Each structure stands twice: as C-alpha cells, then as structure tokens.
Amino acid sequence: PAAANTATFFDVLLDMKQRPEGTGFVWCNDTGNMVMAAVANEDRGVIVTRGWYRVEPGKCTRPEVLAHARRIYSYAEALDANGQVVKRGGKSLNWGGRTMLCTRERAFEVSDQKDCPARGLTSVGFASVELAVQGATTLRFKEP
C-alpha cells in the first residue's frame, strides 16, 4: 500500500536529518540544554536570516542551506527549561561571530539586514562558516 511506503519515506527523511553525515550543513548539540539556532544564506548579494531551529541535546539538525552555498552564517543560543537564555559566568551561552544580522524572538525570515533595532528586530553576531565542497560541514555546540 502507498500509505505504508509514505510513512517509511518520512521516517527515512527524519532519520537523515538527525545524522551529521551526508552533504550540506549540520548543527549538533553536545550540551545538556535545548539550543535554538538561526542560519543565514547569501544569495546574489542578499543575506537572508532564518530561524529558529530546535537542536535537542545530543541530536543534530540540518537547517535549510542553498544548494550552491559555499559559505553560510550561523548563530545559536542555549535555553533552560523555562525558555530563558542560559548564563555562564554572567554571559549568555551562545555561539556566533562578528557578522551582525537580524533575528527576532519568534520564527522569522529576514532579507533586509539594515537597522535591525529600528524595525523591532534584534541584531546579533553570526559566525561565518565555510562549507566543505564534499561531505557535510558540522558545527558542534559545546559548553565552554
């Protein structure tokens, strides 16, 4: 029956999303906290940020990355059981970099990265990640 094949197909897709091998880009959470992550793709000079992706403790997640991408940008933060950003030594536990891009608290997709706060968005530092030509590029979230 077609329905049984469909269920198996989706199981395989979900299974592939959990495993870091393959191609593209993968986040893996090596912490004991839920991590919420955002990705940015650059296409024809326009950077589009998208989030939030849940990365469960001990699991991996594959965000949407353009097939031809050679570089993406990544930002993530650890959340406690109450949904608050985890603090370590008075600082938020997050993984990012120097490229300031727009996010917001709820699910988002933003293609204009100018003047984030004036538009009710949050400006955070994303890390630039060079993608492997072959195989998967895996970014692991670890405690400092």
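Asp 115 is exposed, at a relative accessible area of 55% (exposed means over 50%, buried under 20% and partly exposed in between, with a 1.4 Å probe and protein chains only). The model is predicted: local features need pLDDT of at least 70, side-chain atom pairs count only at pLDDT 80 or more, and totals for chains, interfaces and linings use all residues. Residues are numbered from 1 along each chain as its sequence is written, and side-chain values use heavy atoms, with hydrogens and water left out.

Although Asp 115 is not a glycine, its phi is positive, near 50°. Asp 115 lies in the loop between β10 (108-110) and β11 (122-130); strands (E, at least two residues) are DSSP runs numbered from the N terminus. A positive phi, of about 55°, also occurs at Arg 44, again a residue other than glycine. Arg 44 belongs to the loop between β2 (34-43) and β3 and is exposed, with a relative accessible area of 82%.

## A buried glutamate

Glu 77 is part of strand β5, which covers residues 71-79. Glu 77 is buried but has no salt bridge (a side-chain nitrogen of Lys or Arg within 4 Å of a carboxyl oxygen of Asp or Glu). The nearest side chain of opposite charge belongs to Lys 87, 9.0 Å away; Lys and Arg count as positive, Asp and Glu as negative, while His and the chain ends are not counted.

The side chain of Glu 77 does make a polar contact of 2.9 Å with that of Tyr 75 (a pair of N or O atoms within 3.5 Å; within protein, one must be able to donate a hydrogen and the other to accept it, and residues adjacent in sequence count only if both atoms are side-chain atoms). Apart from neighbours within four places in sequence, the residues in contact with Glu 77 include Met 34, Trp 52, Val 85 and Trp 95 (heavy atoms within 4.5 Å).

## A three-stranded open sheet

An open sheet of 3 strands has the order β4-β1-β12, with mixed pairing (two strands pair if DSSP finds at least two bridges between them). Strands β4 (60-61) and β12 (136-141) each have a single partner strand, so each stands at an edge with one side left without a neighbour in the sheet.

Strand β1 (residues 24-29) runs antiparallel to β4, and 2 bridges join them. Within this pair, Cys 28 stands opposite Cys 60 of β4.

How values were computed
Helices (H or I, at least four residues) and strands (E, at least two) are DSSP runs, numbered from the N terminus.
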